[in-house]
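The sequence and the structure come before the discussion.

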Amino acid sequence: MDSHVPPRSPSPPGSRTRDRLITTAAFVVAAILLFARLGDIALLQPDEGRNAEIAREMKESGAWFVPTYNGFPYLDKPAFYFKLVAGSLAAFGENEAAARLPSTIFGLGLLVLLFLFCRRVYGTRTAALAIIVVGTTPLYIAFSRMVIFDIVLAFFVTLAIIAAYVAEERPPAARRLWYAIGAGAAACATLVKGPVGFIVPGLVIIVFSLIDRRRGSLRRYFSPLNLVVFFAIVLPWFFGVTRVCPDFPRYGIIEETFRRYATPAFHRVAPFYYYAPVVLACLFPWSALLPEAAAASWRARKRLARADRLFIVWATVVILFFSTSQSKLPGYVLTAVMAAGVLIARVWASALDDPAGRSARLVMRGTLV
């Protein structure tokens, strides 16, 4: 992107109507892609069928802490997501659309969250373009229309990272509130998919804080208040499951987390570069802009806006973290694809602001590709 573009460039009065139209069109298209014919396709096996059945059993039993599958405790994932699906099944009936609805709602909520943040740091046009880019990527659409954890996890991980970013731009009282919101979001992400829910946002914020060089930011991020908020949400679930299944701490932490990451026990081993083609495919067609945009951003790295640095760190940390894992799946880098999508939207916005600039030429070459 053009390095001279400020974090939030004001739109001329004549372009405000156009920006509103782009925003409306972006959300209308996203809503159609998410909700249209949601229940027409049968549940995909094995993941959707298994997850929907676990949710159905939770609905029937009324359980809150321990999901069951065919009547036996299912400890691979926490109960939070299953309970969301169980509530949807209870409200709308046992059908495919109801089973997928929680993912779809959180998918739309994720776009709203991205839009509000991008509008705050970049302006309305870039925010609308970010919704268009992210909302039309194959990975986002697929996981927003499936009975699977990833889009709900992405929502809370995104909220945790954004809240920590916003906190550092607020006065002390508001800063504490935003950090507490981030801690609560990380806790909810943990309830969705276990320790990865706090590890991923924590790593992104730690690396970004070191690059951002804001004195005391890490101390504020790990403040006692934030830890209290986090554990107040997570520990009741943890002790509730342990009370019913005493072996859960060993299974949940050692087997499902450490062994999944550090060993090939789950038979999902792939080479270190696995996520390079995954990101290019899952961000298609916008990924045609990625290689040259990444090179331009590196050359202008000292003049990038603070939010740009956040999204670059975000995408890089997530991809590197899961590239070192011995268990790899495309959904693991969903938030990295979103972060890259926002940066691509920045390129498009810069091209629209300056049709003769470097970004416009980059977009033209990428479009030709």
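How many nonpolar, polar and charged residues does the lining of the largest cavity have, by class? That lining has six nonpolar, two polar and four charged residues; here Ala, Val, Leu, Ile, Met, Phe, Trp, Tyr, Cys and Pro count as nonpolar, Asp, Glu, Lys and Arg as charged, and the others, Gly among them, as polar.

The model is predicted: local features need pLDDT of at least 70, side-chain atom pairs count only at pLDDT 80 or more, and totals for chains, interfaces and linings use all residues. Residues are numbered from 1 along each chain as its sequence is written, and side-chain values use heavy atoms, with hydrogens and water left out.

**Cavities**

Two cavities of 30 Å³ or more are present. A cavity is a set of points on a 1 Å grid over the protein atoms alone where a 1.4 Å probe fits but cannot get out, and lining residues have an atom within 4 Å of a point. A volume is the space filled by probe spheres set on the points, which are joined across faces, edges and corners.

The largest cavity has a volume of about 70 Å³. Its lining includes Tyr-165, Glu-168, Asp-212, Arg-214 and Arg-306. At least two lining residues come from each of α7 (150–167), α9 (196–212) and α10 (217–221), and α9 gives the most, with four residues. Helices are DSSP runs (H or I, at least four residues) numbered from the N terminus.

The second largest cavity holds about 30 Å³ of space. Among the residues that line this cavity are Phe-65, Lys-77, Trp-237 and Phe-248. By class, its lining has nine nonpolar, no polar and one charged residues.

**Salt bridges**

The count comes to 22 salt bridges, each a side-chain nitrogen of Lys or Arg within 4 Å of a carboxyl oxygen of Asp or Glu.

| Pair | N to O distance |
|---|---|
| Asp-40 and Arg-37 | 2.5 Å |
| Asp-150 and Lys-193 | 3.4 Å |
| Glu-169 and Arg-306 | 3.2 Å |

Asp-150 lies in helix α7 and Lys-193 in helix α8 (residues 172–193), so this pair ties together parts 43 residues apart in sequence. Both Asp-150 and Lys-193 are buried, whereas Asp-40 and Arg-37 are both exposed; buried means under 20% relative accessible area, exposed over 50%, and partly exposed in between (1.4 Å probe, protein chains only).

Glu-169, in the loop between α7 and α8, and Arg-306, in helix α15 (residues 306–323), are 137 residues apart. Glu-169 is partly exposed, at 34% relative accessible area, while Arg-306 is buried, at 11%. Salt bridges with shared partners join Arg-120, Glu-169, Asp-212, Arg-214, Arg-306 and Arg-309 into one network.

Key
On a 1 Å grid over the protein atoms alone, a cavity is a set of points where a 1.4 Å probe fits but cannot get out, and a pocket is an open set with protein on both sides within 12 Å along at least five of seven lines; lining residues have an atom within 4 Å of a point.
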